[in-house]
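Please read them with the coordinates open beside you.

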Amino acid sequence: MNPNDAGQTRQWHLERSFSLTHLIAMLSIAISAFVFFSGIDTRITILETESAYSKREDARLEQRYRDAIAEIKASLNRIEQKLDTKADKR
């Protein structure tokens with residue numbers, strides 16, 4: 001087998017026909033990709049909504065903790081004043 005022979009040369013050959021299974025496979029891939037990517041928008045919207053809710057909840061809890069700390073400090077100041085007045089009476 002001499003590669004220089006005109007009848008023996010190897011060339012690429014492309015077939016221009018589609019089989020039914022190939023067409024079905026390509027359609028199923030395209031439909032799956034469309035469904036997947038259209039669902040991403042919905043998931044992103046849900047995550048944005050949850051993120052906004054979490055931020056509001058975090059701000060509310062932070063304010064609640066600040067108020068509780070302020071109340072504890074006020075209580076400690078009252079206790080300290082009472083102790084000072086009792087110590088001064090002695």
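1. A residue is called buried when its relative accessible area is under 20%, exposed when that area is over 50%, and partly exposed in between. By this cut-off Lys-82, with a relative accessible area of 58%, counts as exposed. Please keep in mind throughout that this is a predicted model.

2. As for the overall fold, the secondary structure of the protein chain comes to 1 helix and 0 strands. That helix, α1, covers residues 20-89. Of the 90 residues in the protein chain, 0% are buried, and the chain exposes about 9,300 Å², with carbon and sulfur atoms supplying 60% of this area.

3. Which residues form the nonpolar patch on the surface? The patch is made up of Leu-20, Leu-23, Ile-24, Leu-27, Ile-31, Phe-34 and Val-35, and together these residues have about 750 Å² of accessible area. One of them, Leu-23, is found in helix α1 and is partly exposed, with a relative accessible area of 45%.

4. How many salt bridges does a search of the whole structure find? The search finds 2. In one of them Arg-60 is paired with Glu-57, and the closest N and O atoms are 2.5 Å apart. These two residues are 3 residues apart in helix α1, so that about one helical turn separates them. Arg-60 counts as partly exposed at 42% relative accessibility, and Glu-57 is partly exposed as well, with a relative accessible area of 23%.

5. The other salt bridge joins Glu-62 to Arg-66, with the closest N and O atoms 2.6 Å apart. Both residues lie in helix α1, where a spacing of 4 residues places them about one turn of the helix apart. Glu-62 has a relative accessible area of 41%, and is therefore partly exposed.

Note on methods:
Residues are numbered from 1 along each chain as its sequence is written. This is a predicted model: local features need pLDDT of at least 70, side-chain atom pairs count only at pLDDT 80 or more; totals for chains, interfaces and linings use all residues. Side-chain values use heavy atoms; hydrogens and water are left out. Patches are made of residues with over 30% relative accessible area and no salt bridge: like charges are joined within 9 Å, nonpolar side chains (Val, Leu, Ile, Met, Phe, Trp, Tyr) within 5 Å. Accessible areas come from the Shrake-Rupley method with a 1.4 Å probe; for residues, only the protein chains shown count as cover. A salt bridge is a side-chain nitrogen of Lys or Arg within 4 Å of a carboxyl oxygen of Asp or Glu. Buried means under 20% relative accessible area, exposed over 50%, partly exposed in between (1.4 Å probe, protein chains only).
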